[in-house]
Amino acid sequence: MKSKFSVFILCVLIMLGEPSSYAQDNVMPLSLKECIDLALKNNIDVLLSKAREEQVLGEHTVLNADLLPQIDAVASQQRTWWENIGALGFPGFSGAIGPFNTFNASIMVSQRILDFSALAHAQAGKIKWQASQLEIELAKQQVILATSSAYIQALGYAQELISSYEDVHRAEHLLSLSLHQVYAGLASRVDVARSRTQLAQEKARQEELRLNVIKSQLELKRLVRIPLSQDIELTDVLENQNHDYLNVNEAIAAAQNDRMEMRVAEADSDYTLTELKASKREILPKVDVTGAWGETGVTPSHDVTHAAQAMVSISLPLWDSGRIAGDVKEKQGLNEEQKIKADDLNWKIEEDVRVSIETLVSTRAEVEAEAQVENFAQQELNLAQDRFSSGLGDNTQLIDAQDALADARDKYVQTLAQYDQARLNYFAAVGNPKQFDLSVDSRFRGNDKNSIN
(Lines give C-alpha, C1' and ligand atoms only; values in the text may rest on other atoms or scores of the structure.)
Protein backbone atom coordinates (compact mmCIF):
# COMPACT_ATOMS: atom_id res chain seq x y z
CA MET A 1 0.00 0.00 0.00
CA LYS A 2 2.87 2.35 0.84
CA SER A 3 4.37 1.88 -2.64
CA LYS A 4 1.04 2.55 -4.35
CA PHE A 5 0.57 5.66 -2.20
CA SER A 6 4.06 6.81 -3.18
CA VAL A 7 3.20 6.42 -6.85
CA PHE A 8 0.12 8.56 -6.24
CA ILE A 9 2.32 11.23 -4.65
CA LEU A 10 4.61 11.19 -7.69
CA CYS A 11 1.64 11.62 -10.03
CA VAL A 12 0.43 14.60 -7.98
CA LEU A 13 3.89 16.16 -8.09
CA ILE A 14 4.02 15.65 -11.85
CA MET A 15 0.64 17.36 -12.24
CA LEU A 16 1.83 20.26 -10.10
CA GLY A 17 4.87 20.65 -12.30
CA GLU A 18 7.46 19.86 -9.62
CA PRO A 19 10.19 18.73 -12.05
CA SER A 20 9.82 20.46 -15.43
CA SER A 21 10.87 17.37 -17.42
CA TYR A 22 7.79 15.52 -16.17
CA ALA A 23 5.34 18.32 -16.84
CA GLN A 24 4.09 16.90 -20.11
CA ASP A 25 0.56 16.17 -21.22
CA ASN A 26 1.56 13.47 -23.68
CA VAL A 27 2.70 10.75 -21.26
CA MET A 28 2.62 7.09 -22.30
CA PRO A 29 1.70 4.71 -19.45
CA LEU A 30 3.70 1.49 -19.65
CA SER A 31 3.34 -1.70 -17.66
CA LEU A 32 6.04 -4.35 -17.61
CA LYS A 33 3.96 -6.56 -19.90
CA GLU A 34 3.48 -3.74 -22.42
CA CYS A 35 7.22 -3.05 -22.43
CA ILE A 36 7.98 -6.71 -23.07
CA ASP A 37 5.42 -6.88 -25.90
CA LEU A 38 6.98 -3.83 -27.57
CA ALA A 39 10.49 -5.19 -27.14
CA LEU A 40 9.59 -8.58 -28.62
CA LYS A 41 8.00 -6.85 -31.58
CA ASN A 42 10.80 -4.39 -32.32
CA ASN A 43 14.05 -5.65 -30.81
CA ILE A 44 16.81 -6.13 -33.35
CA ASP A 45 18.05 -9.42 -31.87
CA VAL A 46 14.65 -11.05 -32.37
CA LEU A 47 14.36 -9.66 -35.90
CA LEU A 48 17.83 -10.95 -36.78
CA SER A 49 16.98 -14.39 -35.40
CA LYS A 50 13.86 -14.54 -37.58
CA ALA A 51 15.90 -13.54 -40.62
CA ARG A 52 18.37 -16.29 -39.76
CA GLU A 53 15.51 -18.78 -39.63
CA GLU A 54 14.50 -17.85 -43.18
CA GLN A 55 18.07 -18.33 -44.33
CA VAL A 56 18.35 -21.76 -42.72
CA LEU A 57 14.96 -22.77 -44.15
CA GLY A 58 16.29 -21.94 -47.62
CA GLU A 59 19.40 -24.04 -46.99
CA HIS A 60 17.20 -26.92 -45.83
CA THR A 61 15.13 -26.70 -49.03
CA VAL A 62 18.28 -26.78 -51.17
CA LEU A 63 19.52 -29.91 -49.37
CA ASN A 64 16.16 -31.64 -49.84
CA ALA A 65 16.28 -30.93 -53.56
CA ASP A 66 18.93 -33.65 -54.03
CA LEU A 67 16.37 -36.24 -52.92
CA LEU A 68 13.49 -35.04 -55.09
CA PRO A 69 12.85 -35.62 -58.83
CA GLN A 70 14.37 -33.15 -61.28
CA ILE A 71 12.24 -32.43 -64.38
CA ASP A 72 13.56 -30.43 -67.34
CA ALA A 73 12.08 -29.54 -70.72
CA VAL A 74 14.69 -29.50 -73.52
CA ALA A 75 14.27 -28.33 -77.12
CA SER A 76 17.01 -27.88 -79.72
CA GLN A 77 17.39 -27.25 -83.46
CA GLN A 78 20.84 -28.11 -84.85
CA ARG A 79 22.45 -27.46 -88.28
CA THR A 80 25.42 -29.69 -89.22
CA TRP A 81 27.55 -28.92 -92.29
CA TRP A 82 30.05 -31.81 -92.10
CA GLU A 83 29.93 -34.97 -89.97
CA ASN A 84 32.31 -37.98 -90.10
CA ILE A 85 30.00 -40.90 -90.66
CA GLY A 86 32.52 -43.34 -89.21
CA ALA A 87 32.58 -41.40 -85.95
CA LEU A 88 28.86 -42.01 -85.55
CA GLY A 89 29.49 -45.73 -84.95
CA PHE A 90 29.03 -47.19 -88.44
CA PRO A 91 32.05 -49.45 -89.08
CA GLY A 92 33.15 -49.81 -92.68
CA PHE A 93 31.86 -46.40 -93.66
CA SER A 94 34.02 -43.35 -94.14
CA GLY A 95 33.73 -39.86 -95.42
CA ALA A 96 31.71 -36.83 -94.47
CA ILE A 97 28.03 -36.25 -94.78
CA GLY A 98 26.09 -33.04 -94.68
CA PRO A 99 24.75 -30.53 -94.50
CA PHE A 100 21.69 -31.68 -92.56
CA ASN A 101 19.35 -30.54 -89.74
CA THR A 102 18.52 -32.22 -86.44
CA PHE A 103 15.56 -31.34 -84.22
CA ASN A 104 14.93 -32.64 -80.69
CA ALA A 105 12.29 -31.80 -78.05
CA SER A 106 11.93 -33.87 -74.91
CA ILE A 107 11.09 -33.93 -71.22
CA MET A 108 13.84 -35.34 -69.02
CA VAL A 109 13.23 -36.75 -65.55
CA SER A 110 16.02 -37.72 -63.16
CA GLN A 111 15.73 -39.17 -59.69
CA ARG A 112 18.41 -40.16 -57.23
CA ILE A 113 17.11 -43.36 -55.68
CA LEU A 114 20.08 -44.18 -53.46
CA ASP A 115 22.29 -41.56 -51.75
CA PHE A 116 22.88 -42.11 -48.06
CA SER A 117 25.05 -39.00 -47.78
CA ALA A 118 22.42 -36.70 -49.31
CA LEU A 119 19.80 -38.19 -47.00
CA ALA A 120 21.96 -37.41 -43.95
CA HIS A 121 22.60 -33.87 -45.23
CA ALA A 122 18.82 -33.35 -45.54
CA GLN A 123 18.32 -34.61 -41.98
CA ALA A 124 21.05 -32.24 -40.78
CA GLY A 125 19.34 -29.37 -42.59
CA LYS A 126 16.10 -30.11 -40.77
CA ILE A 127 17.91 -30.18 -37.41
CA LYS A 128 19.59 -26.86 -38.23
CA TRP A 129 16.24 -25.30 -39.07
CA GLN A 130 14.78 -26.55 -35.78
CA ALA A 131 17.81 -25.09 -33.99
CA SER A 132 17.14 -21.71 -35.66
CA GLN A 133 13.61 -21.75 -34.23
CA LEU A 134 15.06 -22.44 -30.78
CA GLU A 135 17.47 -19.54 -31.28
CA ILE A 136 14.48 -17.26 -31.92
CA GLU A 137 12.98 -18.34 -28.59
CA LEU A 138 16.35 -17.82 -26.90
CA ALA A 139 16.58 -14.31 -28.35
CA LYS A 140 13.06 -13.58 -27.08
CA GLN A 141 13.98 -14.79 -23.59
CA GLN A 142 17.07 -12.59 -23.57
CA VAL A 143 14.98 -9.61 -24.65
CA ILE A 144 12.46 -10.33 -21.86
CA LEU A 145 15.30 -10.56 -19.35
CA ALA A 146 16.94 -7.30 -20.45
CA THR A 147 13.62 -5.40 -20.63
CA SER A 148 12.42 -6.62 -17.23
CA SER A 149 15.75 -5.77 -15.64
CA ALA A 150 15.68 -2.25 -17.11
CA TYR A 151 12.06 -1.81 -15.96
CA ILE A 152 12.95 -2.84 -12.39
CA GLN A 153 15.91 -0.45 -12.31
CA ALA A 154 13.78 2.43 -13.60
CA LEU A 155 11.11 1.69 -11.00
CA GLY A 156 13.70 1.67 -8.23
CA TYR A 157 15.07 5.07 -9.22
CA ALA A 158 11.53 6.46 -9.54
CA GLN A 159 10.60 5.35 -6.02
CA GLU A 160 13.86 6.77 -4.63
CA LEU A 161 12.94 10.06 -6.31
CA ILE A 162 9.56 9.95 -4.60
CA SER A 163 11.26 9.57 -1.23
CA SER A 164 13.53 12.52 -2.02
CA TYR A 165 10.49 14.80 -2.32
CA GLU A 166 9.50 13.81 1.20
CA ASP A 167 13.08 14.38 2.40
CA VAL A 168 13.16 17.89 0.86
CA HIS A 169 9.81 18.69 2.44
CA ARG A 170 11.11 17.44 5.79
CA ALA A 171 14.26 19.57 5.46
CA GLU A 172 12.13 22.63 4.70
CA HIS A 173 10.07 21.91 7.80
CA LEU A 174 13.27 21.64 9.86
CA LEU A 175 14.45 25.01 8.58
CA SER A 176 11.11 26.57 9.48
CA LEU A 177 11.23 24.95 12.92
CA SER A 178 14.80 26.15 13.47
CA LEU A 179 13.84 29.72 12.60
CA HIS A 180 10.88 29.49 15.00
CA GLN A 181 13.13 28.18 17.77
CA VAL A 182 15.59 31.05 17.21
CA TYR A 183 12.78 33.60 17.51
CA ALA A 184 11.63 31.85 20.67
CA GLY A 185 15.15 31.95 22.09
CA LEU A 186 15.40 28.13 22.19
CA ALA A 187 18.01 27.72 19.42
CA SER A 188 20.94 29.56 17.87
CA ARG A 189 21.69 30.76 14.35
CA VAL A 190 24.04 27.81 14.01
CA ASP A 191 20.95 25.59 14.03
CA VAL A 192 19.46 27.68 11.21
CA ALA A 193 22.67 27.43 9.16
CA ARG A 194 22.80 23.70 9.76
CA SER A 195 19.17 23.37 8.58
CA ARG A 196 19.86 25.36 5.41
CA THR A 197 22.83 23.14 4.63
CA GLN A 198 20.64 20.09 5.11
CA LEU A 199 18.00 21.49 2.74
CA ALA A 200 20.61 22.26 0.06
CA GLN A 201 22.03 18.75 0.33
CA GLU A 202 18.60 17.17 -0.04
CA LYS A 203 17.86 19.25 -3.13
CA ALA A 204 21.19 18.27 -4.68
CA ARG A 205 20.46 14.61 -3.95
CA GLN A 206 17.00 15.00 -5.48
CA GLU A 207 18.51 16.36 -8.70
CA GLU A 208 20.93 13.43 -8.85
CA LEU A 209 18.05 10.98 -8.47
CA ARG A 210 16.05 12.81 -11.13
CA LEU A 211 18.96 12.33 -13.54
CA ASN A 212 19.07 8.62 -12.67
CA VAL A 213 15.36 8.35 -13.49
CA ILE A 214 15.85 10.03 -16.87
CA LYS A 215 18.84 7.84 -17.79
CA SER A 216 17.14 4.60 -16.73
CA GLN A 217 13.98 5.49 -18.66
CA LEU A 218 16.03 6.31 -21.76
CA GLU A 219 17.62 2.88 -21.53
CA LEU A 220 14.19 1.25 -21.22
CA LYS A 221 12.80 3.23 -24.17
CA ARG A 222 15.77 2.18 -26.29
CA LEU A 223 15.13 -1.48 -25.50
CA VAL A 224 11.43 -1.33 -26.37
CA ARG A 225 12.05 0.90 -29.40
CA ILE A 226 9.84 3.88 -28.65
CA PRO A 227 10.95 7.48 -29.39
CA LEU A 228 13.45 8.64 -26.77
CA SER A 229 11.64 11.99 -26.63
CA GLN A 230 8.38 10.27 -25.58
CA ASP A 231 7.55 10.77 -21.89
CA ILE A 232 6.55 7.57 -20.11
CA GLU A 233 4.98 6.60 -16.82
CA LEU A 234 5.71 3.18 -15.35
CA THR A 235 2.46 1.79 -13.99
CA ASP A 236 3.81 -1.21 -12.04
CA VAL A 237 5.34 -0.82 -8.59
CA LEU A 238 7.92 -2.51 -6.39
CA GLU A 239 6.07 -4.09 -3.47
CA ASN A 240 7.13 -5.99 -0.39
CA GLN A 241 5.75 -9.45 -1.13
CA ASN A 242 6.85 -12.82 0.13
CA HIS A 243 7.16 -15.84 -2.16
CA ASP A 244 7.84 -19.53 -1.89
CA TYR A 245 10.68 -21.24 -3.70
CA LEU A 246 11.04 -24.44 -5.68
CA ASN A 247 13.14 -27.23 -4.26
CA VAL A 248 16.64 -26.79 -5.63
CA ASN A 249 16.82 -30.29 -7.13
CA GLU A 250 13.50 -29.80 -8.90
CA ALA A 251 14.63 -26.39 -10.12
CA ILE A 252 17.86 -27.88 -11.53
CA ALA A 253 15.93 -30.63 -13.30
CA ALA A 254 13.50 -28.09 -14.75
CA ALA A 255 16.36 -25.87 -15.90
CA GLN A 256 18.21 -28.70 -17.63
CA ASN A 257 15.02 -29.56 -19.47
CA ASP A 258 13.69 -26.05 -20.22
CA ARG A 259 16.71 -23.77 -20.58
CA MET A 260 16.71 -22.68 -24.19
CA GLU A 261 20.53 -22.48 -24.25
CA MET A 262 20.67 -26.18 -23.44
CA ARG A 263 18.13 -27.07 -26.12
CA VAL A 264 20.06 -25.03 -28.69
CA ALA A 265 23.30 -26.75 -27.65
CA GLU A 266 21.68 -30.18 -27.98
CA ALA A 267 20.35 -29.28 -31.44
CA ASP A 268 23.80 -28.06 -32.51
CA SER A 269 25.32 -31.30 -31.25
CA ASP A 270 22.74 -33.35 -33.20
CA TYR A 271 23.45 -31.26 -36.30
CA THR A 272 27.22 -31.82 -36.19
CA LEU A 273 26.70 -35.54 -35.50
CA THR A 274 24.38 -35.89 -38.52
CA GLU A 275 26.80 -33.95 -40.70
CA LEU A 276 29.54 -36.36 -39.56
CA LYS A 277 27.37 -39.28 -40.69
CA ALA A 278 26.83 -37.59 -44.04
CA SER A 279 30.58 -37.16 -44.53
CA LYS A 280 31.26 -40.82 -43.69
CA ARG A 281 28.59 -41.95 -46.18
CA GLU A 282 30.28 -40.15 -49.08
CA ILE A 283 32.19 -43.39 -49.78
CA LEU A 284 28.96 -45.32 -50.42
CA PRO A 285 27.59 -45.78 -53.95
CA LYS A 286 25.00 -43.44 -55.45
CA VAL A 287 22.29 -44.63 -57.83
CA ASP A 288 20.44 -42.37 -60.28
CA VAL A 289 17.62 -43.07 -62.75
CA THR A 290 17.18 -40.81 -65.75
CA GLY A 291 14.45 -40.95 -68.43
CA ALA A 292 13.55 -38.84 -71.44
CA TRP A 293 10.58 -38.81 -73.81
CA GLY A 294 9.97 -36.51 -76.71
CA GLU A 295 10.06 -35.86 -80.45
CA THR A 296 13.02 -35.94 -82.83
CA GLY A 297 13.42 -35.21 -86.54
CA VAL A 298 14.89 -32.90 -89.13
CA THR A 299 12.77 -29.87 -88.20
CA PRO A 300 9.73 -29.42 -85.92
CA SER A 301 7.50 -30.01 -88.99
CA HIS A 302 9.50 -32.53 -91.04
CA ASP A 303 10.15 -36.26 -90.39
CA VAL A 304 9.31 -36.03 -86.66
CA THR A 305 9.09 -39.29 -84.70
CA HIS A 306 8.78 -40.27 -81.03
CA ALA A 307 11.94 -40.91 -79.02
CA ALA A 308 12.37 -42.36 -75.52
CA GLN A 309 15.39 -43.14 -73.36
CA ALA A 310 15.98 -44.61 -69.90
CA MET A 311 19.21 -44.99 -67.97
CA VAL A 312 20.32 -46.24 -64.56
CA SER A 313 23.73 -45.06 -63.37
CA ILE A 314 25.81 -46.09 -60.35
CA SER A 315 28.72 -43.98 -59.12
CA LEU A 316 31.28 -44.95 -56.50
CA PRO A 317 34.28 -42.81 -55.47
CA LEU A 318 37.55 -44.74 -55.86
CA TRP A 319 40.03 -41.94 -55.23
CA ASP A 320 39.26 -38.40 -54.09
CA SER A 321 42.72 -37.23 -52.95
CA GLY A 322 41.72 -37.42 -49.28
CA ARG A 323 38.76 -35.01 -49.55
CA ILE A 324 36.30 -37.37 -47.81
CA ALA A 325 38.76 -38.32 -45.06
CA GLY A 326 39.55 -34.65 -44.39
CA ASP A 327 35.87 -33.76 -44.28
CA VAL A 328 35.23 -36.58 -41.79
CA LYS A 329 38.02 -35.33 -39.49
CA GLU A 330 36.64 -31.79 -39.65
CA LYS A 331 33.12 -32.93 -38.71
CA GLN A 332 34.50 -35.11 -35.89
CA GLY A 333 36.26 -32.08 -34.43
CA LEU A 334 33.12 -29.94 -34.65
CA ASN A 335 31.03 -32.65 -33.01
CA GLU A 336 33.54 -33.06 -30.17
CA GLU A 337 33.59 -29.29 -29.68
CA GLN A 338 29.79 -29.21 -29.34
CA LYS A 339 29.88 -32.03 -26.79
CA ILE A 340 32.41 -30.15 -24.65
CA LYS A 341 30.31 -26.95 -24.83
CA ALA A 342 27.12 -28.81 -23.90
CA ASP A 343 28.81 -30.44 -20.89
CA ASP A 344 30.15 -27.09 -19.66
CA LEU A 345 26.74 -25.50 -20.17
CA ASN A 346 25.17 -28.21 -18.03
CA TRP A 347 27.46 -27.25 -15.15
CA LYS A 348 26.77 -23.55 -15.73
CA ILE A 349 23.00 -24.12 -15.60
CA GLU A 350 23.21 -25.90 -12.24
CA GLU A 351 25.40 -23.07 -10.92
CA ASP A 352 22.88 -20.46 -12.14
CA VAL A 353 20.00 -22.22 -10.39
CA ARG A 354 21.83 -22.61 -7.08
CA VAL A 355 23.06 -19.01 -7.09
CA SER A 356 19.61 -17.67 -8.01
CA ILE A 357 17.90 -19.53 -5.15
CA GLU A 358 20.54 -18.47 -2.62
CA THR A 359 20.20 -14.89 -3.83
CA LEU A 360 16.42 -15.07 -3.46
CA VAL A 361 16.69 -16.18 0.15
CA SER A 362 19.33 -13.55 0.94
CA THR A 363 17.58 -10.60 -0.70
CA ARG A 364 14.28 -11.59 0.90
CA ALA A 365 15.95 -11.40 4.32
CA GLU A 366 17.49 -8.04 3.37
CA VAL A 367 14.08 -6.64 2.45
CA GLU A 368 12.64 -7.62 5.83
CA ALA A 369 15.66 -6.18 7.66
CA GLU A 370 15.62 -2.88 5.74
CA ALA A 371 11.89 -2.53 6.36
CA GLN A 372 12.60 -2.72 10.11
CA VAL A 373 15.50 -0.27 9.77
CA GLU A 374 13.22 2.23 8.05
CA ASN A 375 10.59 1.81 10.77
CA PHE A 376 13.13 2.37 13.56
CA ALA A 377 14.63 5.36 11.72
CA GLN A 378 11.16 6.93 11.52
CA GLN A 379 10.69 6.45 15.26
CA GLU A 380 14.11 7.96 15.97
CA LEU A 381 13.26 10.97 13.80
CA ASN A 382 9.96 11.53 15.66
CA LEU A 383 11.74 11.46 19.01
CA ALA A 384 14.48 13.83 17.83
CA GLN A 385 11.92 16.24 16.44
CA ASP A 386 9.95 16.25 19.70
CA ARG A 387 13.15 16.89 21.65
CA PHE A 388 14.20 19.82 19.47
CA SER A 389 10.68 21.27 19.43
CA SER A 390 10.75 21.25 23.22
CA GLY A 391 13.98 23.25 23.22
CA LEU A 392 16.13 20.39 24.51
CA GLY A 393 19.49 20.76 22.72
CA ASP A 394 20.33 21.78 19.15
CA ASN A 395 19.12 20.25 15.90
CA THR A 396 22.17 18.03 15.30
CA GLN A 397 20.35 14.91 16.42
CA LEU A 398 17.34 15.83 14.30
CA ILE A 399 19.48 16.28 11.16
CA ASP A 400 21.26 13.00 11.85
CA ALA A 401 17.89 11.29 12.25
CA GLN A 402 16.68 12.78 8.95
CA ASP A 403 19.81 11.52 7.19
CA ALA A 404 19.36 8.08 8.72
CA LEU A 405 15.74 7.89 7.57
CA ALA A 406 16.59 9.04 4.04
CA ASP A 407 19.35 6.45 3.87
CA ALA A 408 17.07 3.73 5.25
CA ARG A 409 14.36 4.51 2.70
CA ASP A 410 16.84 4.44 -0.18
CA LYS A 411 18.25 1.10 0.95
CA TYR A 412 14.76 -0.31 1.39
CA VAL A 413 13.80 0.62 -2.18
CA GLN A 414 17.12 -0.70 -3.45
CA THR A 415 16.63 -4.05 -1.72
CA LEU A 416 13.08 -4.29 -3.11
CA ALA A 417 14.53 -3.79 -6.59
CA GLN A 418 17.29 -6.33 -5.86
CA TYR A 419 14.70 -8.86 -4.69
CA ASP A 420 12.61 -8.47 -7.85
CA GLN A 421 15.81 -8.71 -9.89
CA ALA A 422 16.62 -11.92 -8.00
CA ARG A 423 13.16 -13.28 -8.81
CA LEU A 424 13.71 -12.41 -12.48
CA ASN A 425 17.10 -14.16 -12.43
CA TYR A 426 15.48 -17.22 -10.85
CA PHE A 427 12.92 -17.51 -13.65
CA ALA A 428 15.70 -17.05 -16.20
CA ALA A 429 17.82 -19.70 -14.46
CA VAL A 430 15.06 -22.31 -14.64
CA GLY A 431 14.28 -21.38 -18.25
CA ASN A 432 10.95 -19.52 -17.87
CA PRO A 433 11.57 -15.73 -17.79
CA LYS A 434 8.12 -15.19 -19.35
CA GLN A 435 6.54 -16.19 -16.03
CA PHE A 436 8.05 -13.24 -14.17
CA ASP A 437 5.88 -10.32 -13.16
CA LEU A 438 5.85 -7.75 -10.38
CA SER A 439 3.14 -9.40 -8.26
CA VAL A 440 2.61 -12.62 -6.33
CA ASP A 441 2.62 -15.47 -8.82
CA SER A 442 1.33 -18.93 -7.87
CA ARG A 443 3.48 -20.46 -10.62
CA PHE A 444 6.51 -19.44 -8.56
CA ARG A 445 5.55 -21.77 -5.75
CA GLY A 446 7.00 -25.23 -5.49
CA ASN A 447 6.26 -28.31 -3.41
CA ASP A 448 8.86 -27.56 -0.77
CA LYS A 449 8.42 -24.14 0.77
CA ASN A 450 11.64 -22.15 1.26
CA SER A 451 13.66 -25.30 0.60
CA ILE A 452 17.16 -24.93 -0.85
CA ASN A 453 18.44 -28.39 0.02
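The model is predicted, so local features are given only at pLDDT of at least 70 and side-chain atom pairs only at pLDDT 80 or more, while totals for chains, interfaces and linings use all residues. Residues are numbered from 1 along each chain as its sequence is written, and side-chain values use heavy atoms, with hydrogens and water left out.

## Overall content

The chain has nine helices and eight strands. Helices here are DSSP runs of H or I with at least four residues, strands are runs of E with at least two, and both are numbered from the N terminus. The chain has 453 residues, of which 38% count as buried. Buried means under 20% relative accessible area, exposed means over 50%, and partly exposed lies in between, with a 1.4 Å probe and protein chains only. Contact means heavy atoms within 4.5 Å. Among contacts between residues at least 6 apart in sequence, 82% join residues at least 24 apart.

## Helix α2

Helix α2 covers residues 32-42, and L32, C35, I36 and A39 are buried in it. Seen down the helix axis, the buried residues of α2 fall within an arc of 95°, so they line one face of the helix. The arc is that of the directions from the helix axis to the C-beta atoms. K33 and K41 are exposed and lie on the face of α2 turned away from its buried side. On the buried side, the partners in packing are β1 (27-30), α4 (116-183) and α5 (189-224).

## Aromatic rings and charges

Two aromatic pairs are present in the structure. In one of them, the rings of Y426 and F427 have centres 5.8 Å apart and planes at 70°, so the pair is edge-to-face. Rings of Phe, Tyr and Trp (its six-membered ring) pair if their centres lie within 6.5 Å; planes under 30 degrees apart are stacked, over 60 edge-to-face, and the rest tilted. Both Y426 and F427 are buried. Together with F436, Y426 and F427 form one aromatic cluster.

Arginine charges also sit over rings: R79 has its charged end over the ring of W81, 5.7 Å from the ring centre, and R364 lies over the face of Y419, at 5.0 Å from the ring centre. A charge sits over a ring if NZ of Lys or CZ of Arg is within 6 Å of the ring centre and within 35 degrees of the ring normal.

## The second largest cavity

Three cavities of 30 Å³ or more are counted. On a 1 Å grid over the protein atoms alone, a cavity is a set of points where a 1.4 Å probe fits but cannot get out, and lining residues have an atom within 4 Å of a point. Grid points are joined across faces, edges and corners, and a volume is the space filled by probe spheres set on the points.

The second largest cavity has a volume of about 40 Å³. Its lining consists of A384, R387, F388, L392, D394, Q397 and L398. Helices α8 (323-389) and α9 (396-429) each supply at least two residues of this lining, and α8 gives the most, with three residues.

## Single residues

R225 lies in the loop between α5 and β6 (231-234). Its phi is near 60°, a positive value in a residue other than glycine. Most residues other than glycine have a negative phi. R225 counts as partly exposed, at 39% relative accessibility.

D403 is found in helix α9, G297 in strand β7 (residues 286-297) and E337 in helix α8. D403 is partly exposed, as is E337, whereas G297 counts as buried.

| Residue pair | Separation in sequence | C-alpha distance |
|---|---|---|
| D403 and A171 | 232 residues | 9.9 Å |
| G297 and Q77 | 220 residues | 9.4 Å |
| E337 and T272 | 65 residues | 9.4 Å |

Leaving aside neighbours within four places in sequence, D403 is in contact with Q198 and E202. With residues up to four places away not counted, G297 touches N101, T102, F103, H302, D303 and V304.

Methods:
On a 1 Å grid over the protein atoms alone, a cavity is a set of points where a 1.4 Å probe fits but cannot get out, and a pocket is an open set with protein on both sides within 12 Å along at least five of seven lines; lining residues have an atom within 4 Å of a point.
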